[in-house]
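Please take a first look at the sequence and the structure below. The paragraphs after them go from the whole chain to single residues.

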Amino acid sequence: MVMTQQQGARAIRSVAVIGGGSAGWMAAAALSKMFGRTIRVVLVESEEIGLIGVGEATVPHLSAFNRLLEIDEGEFVRQTQGSFKLGIQFNDWGQIGDSYIHGFGTIGRDLGMLPFHQYWLKARTAGRGADIGRYSLNTVAAPLGKFMVPPRDAPPNSPLAEIAYAYHFDAVLYARFLRARAEAQGVKRIEGKVVAVEREASRGFVDHVRLESGEQVQADLFLDCTGFRALLIGDALQVGFDDWTRWLPCDRALAVPCEKVGPPTPYTRATAREAGWQWRIPLQHRTGNGHVYSSAFTSDDRAADILLSNLDGPAQADPKSLRFTSGKRRKLWDRNVVALGLAGGFLEPLESTAIYLIQAGINRLMQLFPDADCDPALQAAYNDQSAFEYERIRDFLILHYHVTQRTDSDFWNYLRTMAVPDTLRHTIDLFVANGQFFRNGTEMFGLTSWVQVMLGQGLYPQRYHPAVDWVATPDCLALVDHVEKVVASNVGLMPAHEQFIARCCAAPAGSAMRR
């Protein structure tokens, strides 16, 4: 006899999201959209604690989350003072003076069973072929300030039909935007600061949280969105933390907005500094900036000086200081608590993965949504998949630091010579052998991303794949030349990023002042 949930289990009737911000309101909006009002969703947050509130950059996966919530893209970009993102420009990472773009989308056109970059490697061996960035629409369009969404009438094989893009937006406005949608879908917001987390005696499940006002919030399932404080998963349940500082030594950041100077660029910028790196995120009304650095290799004052002396325009506030440790909780789901966002782990924003990891955690919870007993098998699957995802993103971030020729500071000397995780070492060795990369299951970053970063930072294969020689050298060179010309001609058809925003999703005049 097959036992149904109705016969053998008590369904979850209530979910408490503890903490607001992007993580909390993304979770609340998604849960209320998926379950309607069959599950009571409450969100507890304190205006007193506030939000980190910096410019946020994303990856293309966010569009799927927006579609789930039936969010209109134009409204979303307008309400968050957003702009569009074709990739990330990395300056001074391989050597000082180097620059490359990790663009979304594809590189060239694959031929047969081999990816385009293998034919490009043969062309380079023959003394031909431009920089690898010349063969991707995103990496050509971005520095020219061009942007458009894929037109409906684009031919299926046109690069314009495959434009992959993400967003820049104001994180505080994003949380506010999602809050309005979630509350319209029935989510109840409770203002208050959590002062105690009370657990059941028998199973150790969280029974309720007590607020400073004395109010108790009880639920069947709790989502810990309390940021670095990790009040439930860390303080209450005492789930341990895996510290990855030995590979990712940056442990502090300073964030500051500055006045907008010129049109917003359709890419994020990450510029390597002597003991870390600086971000630049262009919005419609201002530019977000930050300096991520290692306190073991520089001082706070020195980091602030570097940040403030490298802004586009006048700073609009004093730098806001953040302290963190790169790593993750050993379990992101324990008993009836699931940690999302910073409560579950932190991977520095080098590749804009913070929002993605929240989104992935929510999607995973939806797929493995439990009954009120929170079956250990579901928890194990969630935790195994989460660990895999975090570890592969971790490896990708380490790659940026480790594959460098910089010798100008103790920071870069340490990173260049350190031992890296075996999983990353195997990935690097495989690429060096003959330019191959194998995507491991459902890991976030695929071949295009890994190849662009490895080549961009000076890591070249010793040889190309032997099957490339099945294509005669003249034909291989013709393929590479043709792709470069097609990409360039299609970029020429794209409007300026600022023109696209003005036509499709410009924020209302004066809306930035109401923030």
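Predicted model: local features only at pLDDT ≥ 70, side-chain atom pairs only at ≥ 80, totals over all residues.

Residues are numbered from 1 along each chain as its sequence is written, and side-chain values use heavy atoms, with hydrogens and water left out.

The protein chain contains 16 helices and 22 strands. Both are DSSP runs numbered from the N terminus: helices are H or I with at least four residues, and strands are E with at least two. The radius of gyration is 24 Å, close to the 24 Å that the globule rule gives for 515 residues, so the chain is as compact as a globular protein of that length. The radius is taken over C-alpha atoms, and the globule rule is 2.2 Å times the number of residues to the power 0.38. Along the principal axes, the C-alpha atoms fill a box of roughly 75 × 60 × 55 Å.

How much of the chain is buried? Of the 515 residues, 58% count as buried. Buried means under 20% relative accessible area, exposed means over 50%, and partly exposed lies in between (1.4 Å probe, protein chains only). Among contacts with a separation of 6 or more, 78% are between residues 24 or more positions apart; contact means heavy atoms within 4.5 Å.

The chain carries 52 positive and 55 negative charges, whose mean positions are 3 Å apart. Lys and Arg count as positive and Asp and Glu as negative, while His and the chain ends are not counted. Each charge is placed at NZ of Lys, CZ of Arg, CG of Asp or CD of Glu.

There are 26 salt bridges in the structure, each being a side-chain nitrogen of Lys or Arg within 4 Å of a carboxyl oxygen of Asp or Glu. One of them joins the side chains of glutamate 70 and lysine 33, at 2.9 Å from N to O. Glutamate 70 lies in the loop between helix H3 (62-68) and helix H4 (73-79), and lysine 33 in helix H2 (residues 21-35), so the pair ties together parts that are 37 residues apart in sequence. Glutamate 70 is exposed at 58% relative accessibility, whereas lysine 33 is partly exposed at 30%.

Another salt bridge pairs arginine 109 with glutamate 162, and their closest N and O atoms are 3.4 Å apart. Arginine 109 lies in the loop between strand E6 (99-103) and helix H5 (116-125), and glutamate 162 in the loop between helix H6 (137-141) and strand E7 (166-170), so the link spans parts that are 53 residues apart in sequence. Arginine 109 is partly exposed at 33% relative accessibility, and glutamate 162 is partly exposed at 34%.

Aspartate 300 and arginine 252 also form a salt bridge, with the closest N and O atoms 2.9 Å apart. Aspartate 300 belongs to helix H9 (residues 300-308) and arginine 252 to strand E14 (residues 252-259), so the bridge ties together parts that are 48 residues apart in sequence. Aspartate 300 is partly exposed at 31% relative accessibility, but arginine 252 is buried at 17%. Elsewhere, Glu45, Glu47, Arg189 and Glu191 are linked in a network of salt bridges.

Helix H5 is largely enclosed by the rest of the structure, because 8 of its 10 residues are buried. Among the buried residues are Phe116, Tyr119, Trp120 and Leu121. Their cover includes helix H13 (422-434), helix H14 (447-456) and helix H15 (473-491). Just after H5, glycine 127 takes a positive phi of about 85°.

Two single residues remain. Proline 349 sits in the loop between strand E22 (345-346) and helix H10 (354-367) and is partly exposed, with a relative accessible area of 30%. Not counting residues up to four places away in sequence, proline 349 touches Trp277, Trp279 and Val292. Proline 349 and isoleucine 88 are 261 residues apart in sequence and 11 Å apart in space, C-alpha to C-alpha.

Alanine 11 is in the loop between helix H1 (5-8) and strand E1 (14-18) and is partly exposed at 21% relative accessible area.
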